[in-house]
Amino acid sequence: MGSRYLVRVSVMLTVLCGAPLAASATVDQHSAAQSQWAQWVRQQVQQLPASRAIQARREQWLAESRGAEQPLYNPNLNINYEDSAEVTQTVGLSQTLDWSGKARASRDVSAVRQTLADLRAQKARADLLAQSLQALVAWDAAQARLQAARQQEQQLTELTELIRRRQQAGDVGQVDASLTLLSVGQAQQSLAEAEASATRAQTRLREVMALSAPAYGLPQDGFTSAGAVTGSPDVRLPANYDLQLAEQQLALAEQGVTIANKQRNADPSLGVYVGKEGDDNLWGVDLSLPLKFFNTDKPAYQQALADSDARRALLEKTRNDISARLQGALDNAQQQQQRWDNWQQLAQPSLSDNDALLKRVWQQGELTTQNYLLALNQSLDTRLSGIALREAMQQAWIDWLQQSAQLDEWLAALAD
C-alpha cells in the first residue's frame with residue numbers, strides 16, 4: 001500500500017512539474033540563442049573594414065580639432081647687422097601677445113570639434129549597425145520565401161506525377177492534368193523570382209557584412225521584447241544623432257562669432273634685443289601694434305553672425321523634422337507589430353497541417369483538382385504574407401531603434 005502511494009506521488013509530481021520545467025527550458029534556449037546572435041552581430045560589425053575606417057576618420061577629425069589648441073603666435077628671432085661709421089650687431093626675440101583671448105576662444109572651438117568628431121563616429125557606427133541588421137533581416141526573409149517557393153514547387157511536382165498515374169488508370173481527366181501542369185509552370189516562375197531575391201539579399205549581405213550567410217539565425221521570438229529599451233519620442237529626441245550634430249554645429253557657429261569678434265582686435269608684439277654698437281653694449285625693447293584703419297575684419301564678423309543665425313534656424317527645423325520622424329517610426333513599428341501578431345494568431349495555426357489535410361481531402365474525392373490547386377496557391381500566398389509581415393515588423397523595429405539611438409542598447413540587452 002505504501003509503495004503504491006509513493007508511486008502515485010511521484011507520478012503526480014512529474015505531471016505537475018514537467019510542463020513548467022519544459023517551458024522554462026524552452027525560454028532559456030530562446031534567451032541563449034538571442035544572446036549568441038546579438039554577441040555575434042556586435043563582434044562581426046566591429047571587425048568590419050568599415051568600422052576600422054570609421055575609427056580612422058575619428059582620429060583624423062580629432063587630430064584636426066587638436067590643431068586649434070596650439071598657440072596662435074610663435075616667437076620671432078631677429079638678427080640685425082648694420083655696417084656704417086660703426087658696426088652694429090643685435091640679436092633679439094619678439095612675441096605677439098594674445099591680449100584679446102583668441103587662443104582661449106580657439107580652444108573652446110577645439111572642444112566643440114572633438115565632440116563633433118565623437119558624434120560623427122557614433123552616428124556612422126549606428127548607421128553601419130543598422131545596415132547590417134537590415135541586411136540580415138532581408139536575407140532571412142529571402143531565404144524563407146525561397147524555402148516556401150521550393151516547397152510549393154515540390155508539392156506540385158509530386159502532384160503532377162500522381163495525376164499522371166491516375167490519368168493512366170482513368171481516375172482523372174485531361175483537364176485536371178493540364179491544370180496541374182500549368183500550376184507547375186507558375187511555380188517555376190515563382191521559384192525563379194524567389195531565387196533571384198535570395199541572390200540579391202545574399203549580395204547585399206556580402207557588401208555590408210562581408211558574409212555569404214550569417215553564423216547564427218535571426219531570433220524569431222522576442223525580437224522586439226528587450227525590456228531595457230524604453231522611451232517615448234519626446235524622451236528619445238535629445239539622443240538622436242542628427243539632432244545632437246545640429247546642436248553642436250550651432251555651438252561651433254556661435255564660437256565662430258566669438259573668434260570673429262576677437263579677430264577685430266589687434267594684438268601687439270613685444271620684443272627685446274641685445275647687441276653691440278662699436279665697442280659699446282646695447283639693449284632695447286620694441287613694441288609694435290597693428291593699426292586696423294583699412295581692414296577691420298567687420299565683414300568676417302557679420303558673416304559669422306549670419307552663419308550662427310542660419311544654424312539656429314536649421315536646428316529648429318531639424319528638431320521638428322526628427323520629432324516627426326521619431327513619432328512616425330514608433331507608430332509604424334507598433335502597427336507592424338500588431339499586424340504580425342494578428343497574422344500569427346489567425347493564419348499561422350491554420351497552416352500547420354493545411355497541406356496534408358488538403359491532399360487527403362483531394363485524394364478522398366471531396367475536393368476537385370481545380371479547387372485543390374487554388375487552395376495550395378492560397379496557402380503559399382498566406383505563407384508569403386506572413387514572411388512579408390514579419391520582415392516589415394523587424395525592419396520597422398530597427399528603424400525605430402536607429403532613429404531613437406537605441407540600437408546598441410537593444411543588442412546589449414539581448415546579449416546579456
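These are legends for several close-up views of one protein, a predicted model.

Before you start, here is how to read them. Residues are numbered from 1 along each chain as its sequence is written, and side-chain values use heavy atoms, with hydrogens and water left out. Since the model is predicted, local features need pLDDT of at least 70 and side-chain atom pairs count only at pLDDT 80 or more, while totals for chains, interfaces and linings use all residues.

**View 1**
The protein has eleven helices and four strands. Helices here are DSSP runs of H or I with at least four residues, strands are runs of E with at least two, and both are numbered from the N terminus. Out of 416 residues, 35% are buried; that word stands for under 20% relative accessible area, with exposed for over 50% and partly exposed for in between (1.4 Å probe, protein chains only). The protein exposes about 24300 Å², and 52% of that comes from carbon and sulfur atoms. Those areas come from the Shrake-Rupley method with a 1.4 Å probe, and for residues only the protein chains shown count as cover. Take the contacts between residues at least 6 apart in sequence: 80% of them join residues at least 24 apart. A contact means heavy atoms within 4.5 Å.

**View 1. The largest nonpolar core.**
A nonpolar core is a set of buried Ala, Val, Leu, Ile, Met, Phe, Trp, Tyr and Cys residues joined through side-chain atoms within 4.5 Å. The largest one here has 49 residues, and Trp37, Val41, Leu133, Leu136 and Trp410 have the most contacts inside it. Seven names to look for, each giving two or more residues to this core, are α1 (2–46), α3 (102–168), α4 (174–209), α6 (241–263), α7 (298–346), α10 (369–403) and α11 (407–415). Of these, α3 gives the most, with twelve residues. Zoom in on Leu136: leaving out residues up to four places away in sequence, Leu136 touches Trp37, Trp40, Val41, Leu205, Met209, Pro214 and Leu218. Apart from this core lies another, of 13 residues, including Leu159, Ala187, Leu358 and Trp362.

**View 2. Tryptophan rings, paired up.**
Rings of Phe, Tyr and Trp (its six-membered ring) pair if their centres lie within 6.5 Å; planes under 30 degrees apart are stacked, over 60 edge-to-face, and the rest tilted. By this rule there are three aromatic pairs. One of them joins Trp37 and Trp410, an edge-to-face pair at 6.1 Å centre to centre with 70 degrees between the planes. Trp37 lies in helix α1 and Trp410 in helix α11, so this pair ties together parts that are 373 residues apart in sequence. Both Trp37 and Trp410 are buried. Now find Trp340 and Trp343: their ring centres are 5.5 Å apart and their planes at 10 degrees, so this pair is stacked. Trp340 and Trp343 sit three residues apart in helix α7, about one turn of the helix. An α-helix has 3.6 residues a turn, so residues three or four places apart point the same way. Trp340 and Trp343 are both buried as well.

**View 3. A charge over a ring.**
What sits over the ring of Trp61? The charged end of Arg120 does, 5.6 Å from the ring centre. To count, NZ of Lys or CZ of Arg must be within 6 Å of the ring centre and within 35 degrees of the ring normal.

Helix α10 has 35 residues and reaches 51 Å from its first C-alpha to its last, close to the 51 Å expected at 1.5 Å a residue. That expected span is 1.5 Å times one less than the number of residues. Gln394 is in α10 and, at 1% relative accessibility, is buried. Neighbours within four places aside, Gln394 is in contact with Val137, Leu218, Pro219, Gln220 and Phe223. Glu391, also in helix α10, is buried at 16%. With residues up to four places away set aside, Glu391 touches Val137, Ala138, Ala141 and Arg145.

**View 4. Two alanines with positive phi.**
Ala210 has a phi near 60 degrees, a positive value in a residue other than glycine. Ala210 lies in the loop between α4 and α5 (233–236). Is Ala210 buried or exposed? Ala210 is exposed, at 58% relative accessible area. Ala405 lies in the loop between α10 and α11, and its phi is near 55 degrees, also positive. At 15% relative accessible area, Ala405 is buried.
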